[in-house]
Amino acid sequence: MVLGLLHKIAKNSLERPNVLLAIVFFLLPFVFSVVARLVFSFPIDYVSFVINVAKEFIFWIAGIGLLYILIRLIKGAPALKFTGLLTGQSFIQLFNFLLSIFVIGVFFFLFPGFFGIMSNVLQNQQFGDAEAALVLSSLQVQPDLVMYAGLGVMAIVFIAVVLISLYLIYLLIEFAGQGSRKQNWFVLILWLVILAVVRFLLP
């Protein structure tokens, strides 16, 4: 079911690109971050937030542009549209948004009162060793078995989202044009390596 849905997403994105939808999906995790901070009364540095969103948007567009170039160079794919890759990759942002909601839900269950404590601590606009000690001393947690089970489920869901995202990118590469599996894997791995190196070198 999940694999079939990913196939449909990849094909529809490449055949019927939707730039507006892509931008909305890209912004979802950031909007959710602001809303969550407002709900839990966490301080927000709006200037830093806007700068961070702009950096991530530029990196996102550049990463998709790199993937487009690699596919055209290695597989040909004369009919490939940049907007198709943009639309397809934006679904990864949707997955991240859903993951964020899930993680907060698990934290609510495993650590009752965590966000309220953090809100009080962060009112001073700083978070050091003393503040961390205060949070830990005030924190209520579920029994060990429930805690380990919850953290285990969270880890499994996180890994699943990563694998689903990678598979979606692979499908976008595969459906972009004719080519062998070796070419598809080569494009994916080369793209990931270049992105990792750039991320590492960026300040």
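The structure, a predicted model, holds 9 aromatic pairs (rings of Phe, Tyr and Trp, the last by its six-membered ring, with centres within 6.5 Å; planes under 30 degrees apart are stacked, over 60 edge-to-face, the rest tilted). One of them joins Phe 32 and Phe 97, edge-to-face, at 5.7 Å centre to centre with 85° between the planes. Phe 32 belongs to helix 2 (residues 19-39) and Phe 97 to helix 4 (residues 82-110), so this pair ties together parts that sit 65 residues apart in sequence. Helices here are DSSP runs of H or I, at least four residues long, numbered from the N terminus. Phe 97 is buried, at 17% relative accessible area (buried is under 20%, exposed over 50%, partly exposed in between, with a 1.4 Å probe and protein chains only).

Then there's Phe 57 with Trp 60, a tilted pair: 6.0 Å centre to centre, 50° between the planes. Both lie in helix 3 (residues 46-74), 3 residues apart, or about one turn of the helix. Phe 57 is partly exposed at 32%, while Trp 60 is buried at 9%.

Arg 199 puts its charged end over the ring of Phe 59, 3.9 Å from the centre. Lys 11 lies over the face of Phe 175, at 5.2 Å from the ring centre.

Residues are numbered from 1 along each chain as its sequence is written, and side-chain values use heavy atoms, leaving out hydrogens and water. Local features need pLDDT of at least 70, side-chain atom pairs count only at pLDDT 80 or more, and totals for chains, interfaces and linings use all residues.

Note on methods:
Helix = DSSP H or I, 4+ residues; strand = E, 2+ residues; numbered from the N terminus. Lys NZ or Arg CZ within 6 Å of the ring centre and 35° of its normal.
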